[in-house]
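Please look through the sequence and the model below before reading on. The report then takes up a few places in turn.

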Amino acid sequence: MFRNLFAVFIFFIAISCKQKNSKAAVDPQESIVVSEFYQEPYRPQFHFSPPEKWMNDPNGLVYHQGVYHLFYQYYPEDIVWGPMHWGHATSKDMIHWEHKPIALYPDEHGLIFSGSVVVDHQNSSGFGSKEHPPLVAIFTYHDMDAERAGRLDYQTQGIAYSLDNGETWTKYEDNPVISNDGIKDFRDPKVFWHEKSSRWILSLVAGDHARFYASSNLKKWELLSEFGKEVGAHGGVWECPDLFPLKVNGTDEEKWVLLISINPGAPNGGSGTQYFIGDFDGNTFTTSQTDLRWIDYGMDNYAGVTYNNVPNNDRIFIGWMSNWNYARDTPTQVWRSAMTLPRKLSLEKDASGYILKNYPLSSFEALKSPEEVLNTISLSEPFQLTLDNLMQNEISFEADLSKELTVVLGNDSEKVSLHINPVEKRLEFDRSRSGIVNFEESFGNKIQTQPYLPVTSLSEVRIIIDQSSMEIFIDKGKYVFTNQIFPTKPYSQLTLQGDAKELTQVKLFKINSIWNEK
Ligand code: FRU
């Protein structure tokens, strides 16, 4: 009874607060009121998050006519996973996002799981014309009834097209276009145009491996080959493949990259994304890579894929900034989860083989305003800085990472730390006392580690903090930790200490909000 009265009281407070917020706006779906200011506790200020309700994987990343589209796994009824739709947002600069109406709704074939979008320039599908090429979405249908009935073939692949640059979509009448011959996890098609063989190539996952298909019209698909049953990490089911070519930095050598998300089985627990560097001849992907490689050793970068059709063949990656271990339990209300910052992928070669780096797009710089430029600081004793609020900041510096170094960010009772440990050749990130951690055990019960090779040349360390996330990029994206954090009070203190004599190029920036830019 008292609890009910209390709930009514809170409800009235919430309503009156909402009324005071005169800038509350109605989004294009009209059914939901969007707080223009995105001011709820933990609401990311410069990462994409949906106006309300549940979001997971990025889907259908495609650039067309000056617009970057971001579709995403969306459940519009609740802040936990449920029957999947494709939400939609667009951006012209990969910084600011405009919310769009839901793009794809479940239908008689099932829920709409992850997939991709291509620009059909030649109108191979016949859905549009060469003058007005259609956008074609290729996605997984998940038939809940069939799953409940105990069948294994409940995931199939379907397509839909848009003739108005993604505003409205029509499902293909002969869906599904790839049926299932009894594979339980059969999903997440990523399609691209393969120049050399002049046809579409589709990658999808089938439980413990990837499969490649080819098509001339996006409607009829032929199975080409499989990859991965005996290669890579297999601690969980394979998900969200992405196959694309990339030039090795500073050379003309081209390699093919295959991203595979896996859940569970990531190096620091739960969900993570591994990659393979190899060759694709139009039919088969091969690699001589024998070790495991991960795009990010943080716990919150999953199901990431890259944009199709970007000018200059730039590879822009976005991941879902969460982990299936606790995605449904994080302490946010109104909405749940955000995307990583858009990152540019690049390939480097060193003695250990090919390394896939990921690093924020340079367009992000436009959001930064210098707060403190400290230049060089001595580490003869620990360096400490206290500001009002460090929750929307970037801290960067250059350091000799062959020496031990610890970076701590926190408030008077909570903290996170990054420890460069050259003796163990390990980077360590600890969020066990970062704030609210007790919503699920694996969130904060161990120190995250990542192998690294200490070098005496200076490396850049870049830490980007939003209201509930911390992205750490070392050596321009060679080593990355992406993590959510939920402090109960803003972090305000920075401590740097270690064995190096000094840190150079030390900079602190404030990051403007993309939802409420001043
Ligand atoms: C990855 C994933 C995909 C699937 C989608 C469902 O996070 O499990 O494999 O298509 O989420 O929402």
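How many of the residues of strand E13 (residues 210-215) are buried? The count is 6 of 6, and the strand is thus described as mostly covered, where buried means under 20% relative accessible area, exposed over 50% and partly exposed in between, with a 1.4 Å probe and protein chains only. This is a predicted model, in which local features need pLDDT of at least 70 and side-chain atom pairs count only at pLDDT 80 or more, while totals for chains, interfaces and linings use all residues. Residues are numbered from 1 along each chain as its sequence is written, and side-chain values use heavy atoms, with hydrogens and water left out.

Strands (E, at least two residues) are DSSP runs, as are helices (H or I, at least four), and they are numbered from the N terminus. In a regular strand the side chains alternate between the two faces of the sheet. In E13, Ala210, Phe212 and Ala214 are buried on one side, and Arg211, Tyr213 and Ser215 are buried on the other. Two strands pair if DSSP finds at least two bridges between them. Strand E12 (residues 199-206) pairs with E13 in the antiparallel sense over 6 bridges, and Trp200 stands opposite Ser215. E13 is also joined to strand E14 (residues 222-227) by 5 bridges, again running antiparallel, and here Ala214 has Glu222 as its bridge partner. In the hairpin of E12 and E13, with 3 residues between the strands, Gly207 takes a positive phi near 75°, and in the hairpin of E13 and E14, with 6 residues between the strands, Leu218 takes a positive phi near 70°.

**Two buried polar residues**

Asn268 has its place in the loop between strand E16 (254-263) and strand E17 (272-280), and it is buried, with a relative accessible area of 5%. Its side chain and that of Lys446 are joined by a polar contact of 3.4 Å, a term for a pair of N or O atoms within 3.5 Å; within protein, one must be able to donate a hydrogen and the other to accept it, and residues adjacent in sequence count only if both atoms are side-chain atoms. Not counting residues up to four places away in sequence, Asn268 touches Lys446 and also Tyr297, Met299, Ile447, Gln448 and Thr449, where contact means heavy atoms within 4.5 Å.

Ser396 lies in strand E26 (residues 393-400) and is buried as well, with a relative accessible area of 7%. Ser396 and Gln505 are 109 residues apart in sequence, but 7.5 Å apart in space, C-alpha to C-alpha.
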